[in-house]
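Welcome! Open your viewer, and let's walk through this structure one selection at a time.

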Amino acid sequence: MNTFYYEFRESVRIAFAQITAHKMRSVLTALGVIIGIVAVTLMGMAITGMDTSFESSLAMLGDDVIYVQKWPWGPVVDWWNYTNRPPLQPIVATELNKLIEAAPSTLLDVAVPVRVRSGTVKRGDNSVGGVYMAGTSGDYGRIITADFREGRLFTETEAESARAVCVLGCDVADALFTNVPAVGQTIQVRGYPFQVIGVLARQGSFLGLFSFDTQMILPIKAFEKDFGGKNRGAEIRVKVKDKKRLEEAKEELIGLMRRVRGQLPGESDNFSINGEEAFKQQLDPVKKGIAIAGLFVTGLALFVGAIGIMNITFVSVKERTKEIGTRKALGAKRRTILLQFLIESISVSVIGGIVGIILSSSLCLLIGHIFPKLPISFSPVLVVVSLLVSAGTGIVAGFAPAWGASRLDPVVALRYE
Amino acid sequence: MSTLRTTRPIGPLVIDIDGVVKLYQMGTETIHALRGISLKIHRNEYLAIMGPSGSGKSTLMNMLGCLDTPTAGRYEFNGKNVAAMVDDELADIRNREIGFVFQTFNLLPRSDALRNVELPLIYAGIPSAQRRERAQQVLEEVGLGNRMHHKPNELSGGQRQRVAIARALVNKPSIILADEPTGNLDSQTGIEIMALFEELYKLGNTIIVVTHEEDIARHARRVVRLRDGLIESDGSVS
């Protein structure tokens, strides 16, 4: 045991003496691992970044909200089964709410109708295009996750009376009102004036594609009055009381919807129940695909690094054949020699790994600084994984030459010039 | 064959070789390096092994040094059967029982004298404080007390060989096995090194020198001459 410890310490000492003695060679060898680790960690960062941004995006949708729509989320092959479904009208939400109130042990909280369009918001010469406009009821406040930066949502009365009021996403408000507070001001959509009564706090974007900060919320009656679109249908968002019992709540909602729709038993649903897990189901294979492909490609870089280490360890063994012979003559056992060369290759690899981690974490900071919207994040898990991976690379790459060295015949090795 | 005459009492048997044969396969040809050698070496002998190249001198030295095992025959080192040992057991015997001195010194170039001398003690599992102390002591014994932290390239040839001898002595081995110890030294330095061996012999060490130089062999008390894989003569020198 003691012997092993002394041999280990001696091996570490030799390894570092060897690395410092051949600086250029060590740097070049480590470079392969550095590139490999940088590639792998950046890939890992991108994947975890993707994951976290995905999670936070889903949280924006509301993990306790079920969407009732004509079409399901996700790809549809048998479109003919959906296209003739009756559109959902806001009255469905009213009917649902009546049923929810009548049911004593319901898992559902409230149903809210939402009509959606995209358009341009103007104030004087300023305008913001591509604004997501949601016409909804006064209960909308119960289902959204965002906070108000200023002002408030419209009341049920305001909604029912189709008052021309609106709540703006923070980006819209900031674009239109640079110096004055937005609340109390008037904006125009298609020539119709709306009074701003509230501004939402910043929420960020959904999967980096769709910003929640460029939206406008208005009473659904005002939406219908000014923009029409009644025959296009709406969607119904239903908040559940307990998100842990989401599946049961869905079953209940399907039952209620079938009652509202007056569907007969055996008839298939003429509406779709959508939720965030539909996104998960769609995105999970994509995520996995990216992860596997990415790690494979970057793993190749690491593999090339490993070959570099293997090569240089072979060279090192060859160069030091006589030294190996001498050490064996002085009593070095096979495992001593094996350990010595393995530690050497592991040292080069782990040093490369550490440099790689430093490089990629600073790259990560830099990228995050230049493109703040890019979903990229550095995790301590990644550091541990990179260190393990680089140590593993060192072992795998160093094993064959070290094994060869440990098996050298001392007579032959001593004679080697 | 003359009988062994010695002024000293014969110590216990260290090396006992009986009918040792060593064959090598060179392509299709089988080379008989040793054809049946029997040799007994006792504690505190000073022995020279001589012979022209191809005589089996190097093979015998490798055998004595436990670097190699015989194809046939018996080899006992301090009563232990070396012929049947595996690699790591041989490494252990070399570490504890044999001190090697090479023609080319074979010092580790990037380690200082002290570290070079410490090396066998590392393999023996001696704690570092004891290692250091023992290595310093041996270096002083060979007259390098003031050169301990010099690297081999900062030392003269004679000094390097002294470091190597210190390294051979550090584990208090049963035998010191020197292969052409003066081969890479000028004659004056060679004489100094042989004087050191003489001194070590007088201190009770067992010394085996392998050489092809009569001048060197003359320092030994007993000379074994090999020819064609057989012992040609084995006798004391006056």
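Buried area is the accessible area that two parts lose on being put together, summed over both. Keep in mind that this is a predicted model.

**Stop 1: where the chains meet.** Color chain A and chain B separately. Between them about 2500 Å² is buried, and carbon and sulfur atoms give 57% of that area. The contact draws 28 residues from chain B and 27 residues from chain A. Now select L67(B), R110(B) and Y123(B): these supply 26% of the area that chain B buries against chain A, more than any other three residues.

Stop 2: To view a salt bridge, show the side chains of D87(B) and R334(A), which meet at 2.8 Å, N to O.

**Stop 3: the helices on chain B's side.** Select α2 (87-97), α3 and α4 of chain B, the elements that give two or more residues to the side touching chain A. With 6 residues, α2(B) gives the most. By class, this side of chain B has 12 nonpolar, 7 polar and 9 charged residues.

**Stop 4: into the core.** Next, pick L139(B), I165(B) and F197(B), the residues with the most contacts inside the largest nonpolar core, which has 39 residues. Elements that each supply at least two residues of this core include β3 (46-50), α5 (157-169) and α6 (187-202) of chain B. Apart from this core lies another, of 35 residues, including V20(B), M61(B), V82(B) and L90(B).

How values were computed:
Residues numbered from 1 in each chain as written. Chains lettered and ligands numbered in written order. Predicted model: local features only at pLDDT ≥ 70, side-chain atom pairs only at ≥ 80, totals over all residues. Heavy atoms only, no water. Core = buried A, V, L, I, M, F, W, Y, C linked by side-chain atoms within 4.5 Å. Buried < 20%, exposed > 50% of the residue type's maximum accessible area, 1.4 Å probe, protein only. Helix = DSSP H or I, 4+ residues; strand = E, 2+ residues; numbered from the N terminus. Contact = heavy atoms within 4.5 Å. Buried area = accessible area lost by both parts, 1.4 Å probe. Salt bridge = Lys/Arg side-chain N within 4 Å of Asp/Glu carboxyl O. Nonpolar A, V, L, I, M, F, W, Y, C, P; charged D, E, K, R; others polar.
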